[in-house]
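User: I am new to this structure. Could we go through its charged residues together?
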Amino acid sequence: MGLTGIQIFKLLPKTNCKECGVPTCLAFAMNLASGKADLDSCPYVSDEAREQLAEASAPPIRPVKIGYGARKVGIGGETVLFRHEKTFYGPPGFAAVLTTDMGDDVIDAKLRKWHTFNYERVGLMLRPELVAIKDVDGNAERFAQVTKKVYDASDFGCILMSDSPNVLKAGVSVSNGKNPLIYAATAGTIDALIELAKEGKCPLALKADSVEALMPLSQKAVSAGLKELVLDTGARSIKQLFEDQVCIRRAALLKQNRDLGFPTITFPCEMAPDLDGETLIASMLVAKYGGVMVLSDIEGENIFPLLLERLNIYTDPQRPMTVTPGIYEINNPGPDSPVMVTTNFSLTYFIVSGEIESSRVPSYLVIVDSEGLSVMTAWAAGKFSGDYVGGFIKKSGIAEKTTHKNVIIPGYAASISGDMEEELPGWKVKVGPREAAHLPKYLKEWKPE
């Protein structure tokens with residue numbers, strides 16, 4: 001487990017230079033201990049202290065990065081057993097399998113299909129990130145060809161899967177720094193794969209037939225200088241896999257077992273007869289500590305609910321989900337289109353914008369920063385007051401987009417209309433429906449004054 005603030009303070013230069021952004025080294029040490037600061041913020045810490053602090057303050061579950069670019073996955077980094085205690089940090093990655101005996105046309109078709117699964121939600125792009133390339137016949141040349149094809153035709157990160165170190169080496173050789181996960185080192189191949197991981201600067205997966213059998217493998221890999229490891233306990237039954245995931249997390253967090261302090265990789269594709277069954281298993285693993293879930297395929301009806309579950313679980317429970325304040329154009333509005341205003345609570349935004357879209361009325365939706373509160377809560381907390389909303393409208397630039405000066409406010413915030421009109425001389429504030437479901441009818445009857 002990480003050092004305390006006082007233990008960290010003893011290793012800092014104690015200059016109180018304030019260049020880290022806080023007044024004293026003690027305050028910086030406390031922030032480091034609580035995960036609110038980065039060691040790189042201190043410009044004067046010695047290399048020796050930096051190495052010692054980096055190791056001692058590492059989270060119980062070490063972070064591991066797989067892939068590159070927009071689809072790079074950062075798993076691990078966890079510090080708590082339950083999301084409500086603080087938050088989870090490393091969202092799991094989803095992968096689908098390509099085998100080396102597939103034809104090039106099949107591989108191309110699958111990659112094209114998988115690339116279409118992109119969903120925008122709360123200003124974030126949700127999508128699968130990984131492709132697992134599975135060697136089926138020990139052909140190193142074919143393995144390298146498929147790996148290169150994936151990189152050339154897509155931006156997916158790769159999981160290179162083979163029992164042969166030579167085949168894996170062929171895959172790494174064409175990866176060109178794109179950080180694939182090498183799967184998997186066993187008791188018989190660990191020496192060769194440690195060298196391959198060090199040479200390719202890639203994360204390495206370790207596989208054994210139990211949690212206990214993984215520990216000597218991780219000890220050996222860490223002793224050799226590897227820090228980015230992923231664990232596979234070999235469990236392929238739901239009950240045993242669930243037990244193993246919980247055991248690893250509890251051992252690392254509660255028992256301070258560094259040998260098990262790494263994220264995991266799981267294979268629903270080997271545990272169910274169809275993709276729907278795999279999806280159910282993956283949904284359990286999203287909630288219970290899976291680091292990477294490998295599926296046999298990806299279809300929209302399967303991956304979308306998993307992506308939403310991941311988004312919900314891996315958001316900070318102490319911070320409401322929000323959208324960026326500003327002007328949102330819906331249904332290609334023009335200068336005569338209605339203007340509505342609401343808060344930046346994500347659920348409010350999606351409900352309101354969805355109803356506007358369904359109305360097919362071109363409209364402007366102005367989103368006000370309410371610190372993620374809903375309309376009623378923000379109004380009660382004074383964060384959706386007439387003068388504040390009016391001031392936001394004035395600064396937003398919406399007046400330059402419209403030929404009228406009419407703004408529609410939520411029915412639940414009708415009491416702010418007077419203060420808004422004082423803040424917006426010449427504007428007409430109209431009170432809209434109390435429920436978003438009534439917006440389509442309201443908008444179709446709306447006329448500017």
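Analyst: Let us start with Asp191, which is partly exposed because its relative accessible area is 46% (buried is under 20%, exposed over 50%, partly exposed in between, with a 1.4 Å probe and protein chains only). This is a predicted model, where local features need pLDDT of at least 70, side-chain atom pairs count only at pLDDT 80 or more, and totals for chains, interfaces and linings use all residues. Residues are numbered from 1 along each chain as its sequence is written, and side-chain values use heavy atoms, without hydrogens and water.

User: Which side chain meets Asp191 in a salt bridge?
Analyst: Lys220 does, at 2.8 Å from N to O. A salt bridge requires a side-chain nitrogen of Lys or Arg within 4 Å of a carboxyl oxygen of Asp or Glu.

User: Where do Lys220 and Asp191 lie?
Analyst: Lys220 is in helix H8 (residues 211-223) and Asp191 in helix H7 (residues 190-200), so the pair ties together parts 29 residues apart in sequence. Helices here are DSSP runs of H or I with at least four residues, and strands are E runs of at least two, numbered from the N terminus.

User: How many salt bridges are there by this rule?
Analyst: The count comes to 17.

User: What about Glu129, which partner does it have?
Analyst: Glu129 forms a salt bridge with Arg310, with the closest N and O atoms 2.7 Å apart. Glu129 sits in the loop between strand E5 (124-126) and strand E6 (130-134), whereas Arg310 belongs to helix H11 (residues 300-313), 181 residues apart.

User: Is Glu129 buried or exposed?
Analyst: Glu129 counts as buried because its relative accessibility is 9%.
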